[in-house]
Amino acid sequence: AALALVGCDQPATAPATPLASALLPDGAPTGVSAAIRAGGPGRVIAFHDEWALANHSFEKSTGSPQYARNVARFFAPGRAGRFLAWSDNVGLRGDSVATTMRASGHAWVHTTVRDLALDDLKRFDAVFVGGGIVPSADLLDAYVQAGGGVYVMGGTGETPGGSPAHE
């Protein structure tokens, strides 16, 4: 399995790699990075921040909708995908990413149910996680080994109650 660490010390309009240009939104801030695994049975993206898919980013950046569509295309190349946002965090519970995904022909389901099993995840092409709901690494690994995709959202400075953890 190949793991590529994608980093940019410039805006994403001049990405470090072709894979970065496919995933990172135009005008992404300096230092945007993602770890991308695209070999083996499943696919994984570990992105450093929650704001790329949050409502605020869609309001402030024209690149966020394209970033969401690019991520969807990575997880479901050439077809409509089924995606699960399994999070209580602002980065995945917003209407903007859901609307963008659905307008692009994808299914977008959001849940905060804590006890999901492998068979639940297998109904989706990819699961987006981050925030106060922390699935076990064993569950996510089994899902990826079964061919599923995982988007791991880092930088979750927001607590489930909605206020930043560092206040």
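The questions below set computed values against their definitions.

Modeller: This is a predicted model, in which local features need pLDDT of at least 70, side-chain atom pairs count only at pLDDT 80 or more, and totals for chains, interfaces and linings use all residues. Residues are numbered from 1 along each chain as its sequence is written, and side-chain values use heavy atoms, with hydrogens and water left out.

Biologist: How many helices and strands are in the chain?

Modeller: The chain has six helices and seven strands. Helices (H or I, at least four residues) and strands (E, at least two) are DSSP runs, numbered from the N terminus.

Biologist: What makes Phe-47 and Tyr-67 an aromatic pair, and why is the pair called tilted?

Modeller: Rings of Phe, Tyr and Trp (its six-membered ring) pair if their centres lie within 6.5 Å; planes under 30 degrees apart count as stacked, over 60 as edge-to-face and the rest as tilted. The centres of Phe-47 and Tyr-67 are 5.3 Å apart and the planes stand at 45°, so the rings pair and the pair is tilted. By this rule there are six aromatic pairs.

Biologist: Which parts does the pair of Phe-47 and Tyr-67 tie together?

Modeller: Phe-47 lies in strand E3 (residues 43–47) and Tyr-67 in helix H3 (residues 63–75), so the pair ties together parts 20 residues apart in sequence.

Biologist: Why is Phe-47 called buried?

Modeller: Buried means under 20% relative accessible area, exposed over 50%, partly exposed in between (1.4 Å probe, protein chains only). Phe-47 has 5% relative accessibility, so Phe-47 counts as buried. Tyr-67, with a relative accessible area of 1%, is buried too.

Biologist: Why is the pair of Trp-108 and Phe-128 called edge-to-face?

Modeller: The planes of Trp-108 and Phe-128 are 65° apart, with 5.0 Å centre to centre; the angle is over 60 degrees, so the pair is edge-to-face. Trp-108 is in strand E5 (residues 107–111) and Phe-128 in strand E6 (residues 126–129). Both Trp-108 and Phe-128 are buried.

Biologist: How do you know that the charged end of Arg-43 sits over the ring of Phe-74?

Modeller: A charge sits over a ring if NZ of Lys or CZ of Arg is within 6 Å of the ring centre and within 35 degrees of the ring normal. The charged end of Arg-43 sits over the Phe-74 ring, 4.6 Å from its centre. Phe-74 also belongs to a cluster linked by ring pairs, with Phe-75, Phe-83, Trp-108, Phe-128 and Tyr-151.
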